[in-house]
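Dear colleague,

I am passing on the structure we spoke about, and my notes on what was found in it follow below. Please read them with the coordinates open beside you.

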Amino acid sequence: MGRRAVLAAGAAALVAGALGGEEWHDRQHADAASDAAAVQAVLDRRAAAIRGRDQAALAATVLPTAQSLRDSGAAMLGNLAQVPIGTWAYQLKALDAYPLPAALGTAGTARLAARVELSYRLSGFDSQPVTATQYLTFTRSGGGDWLLSSDSDHAGGDVQPWDLGPVTVVQGRHCLVLGLRGQSTLQQLADEADRAVPAVSTVWGTGWGQRTVLLAPFGPDQFGRLLGADPAGYTAIAAVTTGELGAAEAGRTERITVNPPVWDTLNALGRRVVITHETTHVATRAITEQWTPRWLAEGAANWTGYLGTGRTPAQIAPELLADLRAGRIPDRLPADSAFDGSAADLPQAYEQAWFACRGIVRRHGQSALVALYGAVAAAGSGGSTGPDAALDAALRRTAGVGLSAFTAQWVADLRQAAT
């Protein structure tokens, strides 16, 4: 412990002794509550300024000496110019949320490290708010007010498209595309999304929002920042759907984020399959649970994506068929880890999943695949059974066979495809 910390501790003890322990605790609690209320008031002013697109009001919430932060706030308002903001609010979640750099500020400067939740809705698309975490530093100004002084003292936090540059917006009949790319690419995405939504509803019904929000970053770095992940782990994935799982999220509109270097290599059919696949994930989100096997989630999305394209198994699953003809025939359904972006044989995992869902449809009809998906979610909802037991129970209810028999049927289908 350094000399300054020892002196501070001694001063605190003297004050506590003078006031009495309980009174000192009450005073500390009151000061913390007062600081929290003051910071929340600044956050409320910032939210109102953003909703009102008021640059002067936004700048007034920033410490006068933090000119770069004032400039970035003005830039953010410009980046948001086309974005249809429905609601926008900040909620203080914690003070002293992270250690502040000792080199910042001057001795005796009062600063607070805050963890803040941004909550916003896009007009016409978000029936529930989307939330994002921010880490902000507030400093007491010379006039005694708390003002924002930094948004970079902590490396965490969630990135939104407008944090990366000016957002161009294209709205379709069923979709909203927020992009940092050219207008033609965004329109291409909107056209595919507008086609995908009714196609997916034909299979999975209309009991979902029937709208999608797509994010189109400029390059892999922006893609990784939006996901909060290393883009090197997604070199074989053209798009990702992000969102919460389960029935409680039924009203939420998920985000489909396109991976630029992979998307740009796709032909027209590939783009159609990818957007339909990801739209299926949006439509099934409310009946996708933590225990839903990835092979079922990805296989159902691939089945829907390729539906009506006229593609043969050899065209849909070339890598898998090459393995099968070389004698490499799997004896178990792919594990969840096989679908990780950097997994070896990632194409084969998706193709095996497609074959599994194809087998259900061929034997029992498309409605059985939809019923199985919902039954898996329901079977594990009690929490007393493991994932395999939930899947086994759902298969027996919808396909008339247990997991072992279903796996044997799938392997037989693979062997037949190899001939």
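**Thr257 and its surroundings**

Leaving aside neighbours within four places in sequence, Thr257 makes contact with Leu215, Pro217, Phe223, Leu226, Leu227, Ala239 and Val240. Thr257 itself belongs to strand β9, which covers residues 255-258, and because its relative accessible area is 2%, under the 20% limit, Thr257 is classed as buried. Please keep in mind throughout that this is a predicted model.

**The chain as a whole**

The protein chain contains 15 helices and nine strands, and of its 419 residues 46% count as buried.

**Val167, a loop residue**

Val167 is placed in the loop between β4 (146-150) and β5 (168-171). Is Val167 buried or exposed? Its relative accessibility is 4%, and Val167 therefore counts as buried, the limit being under 20%. When residues up to four places away in sequence are not counted, Val167 touches Asn79, Gln82, Val83, Pro161, Trp162, Leu178 and Gly179. Among these contacts, Asn79 lies 88 residues away from Val167 along the chain, yet the C-alpha atoms of Val167 and Asn79 are separated by 5.4 Å.

**The packing of α9 and α12**

Two packed helices are described by the angle between their axes and the distance between the axes. For helix α9 (residues 294-306) and helix α12 (residues 346-364), the angle is about 75° and the axes are 7 Å apart. Since angles of 65 to 115 degrees count as roughly perpendicular, α9 and α12 are therefore roughly perpendicular to each other. On the α9 side the contact is made by Trp295, Leu296, Glu298, Gly299, Ala300, Asn302, Trp303 and Tyr306, and these meet Tyr350, Ala353, Trp354, Ala356, Cys357, Arg358 and Val361 in α12. Sorted by class, the residues of this contact between α9 and α12 comprise eleven nonpolar, two polar and two charged.

**The cavity**

Rolling a probe the size of a water molecule over the atoms shows where empty space is left. How many cavities of 30 Å³ or more does a search of the whole structure find? The search finds one, and the volume of the largest cavity is about 30 Å³. The residues that line the largest cavity are Gly359, Ile360, Arg363, His364, Ala399, Phe406 and Gln409. By class, the lining of the largest cavity consists of three nonpolar, three polar and one charged residues.

**The second largest pocket**

The second largest pocket holds about 610 Å³ of space. Its lining is made up of 23 residues, and those nearest the centre of the pocket are Gln134, Leu136, Asp151, Asp158 and Asp163. The elements giving two or more residues to the lining of this pocket are α4 (67-79) and β3 (130-140), and α4 gives the most, with six residues. The lining of the second largest pocket divides by class into ten nonpolar, eight polar and five charged residues.

With kind regards

Terms used. Residues numbered from 1 in each chain as written. Predicted model: local features only at pLDDT ≥ 70, side-chain atom pairs only at ≥ 80, totals over all residues. Heavy atoms only, no water. 1 Å grid on protein atoms, 1.4 Å probe; cavity = no way out; pocket = protein on both sides within 12 Å on 5 of 7 lines; lining within 4 Å. Points joined across faces, edges and corners; volume = space filled by probe spheres on them. Helix = DSSP H or I, 4+ residues; strand = E, 2+ residues; numbered from the N terminus. Nonpolar A, V, L, I, M, F, W, Y, C, P; charged D, E, K, R; others polar. Axes fitted to C-alpha atoms, helices over the stretch in contact; angles between N-to-C directions. Parallel < 35°, antiparallel > 145°, perpendicular 65-115°, else oblique. Contact = heavy atoms within 4.5 Å. Buried < 20%, exposed > 50% of the residue type's maximum accessible area, 1.4 Å probe, protein only.
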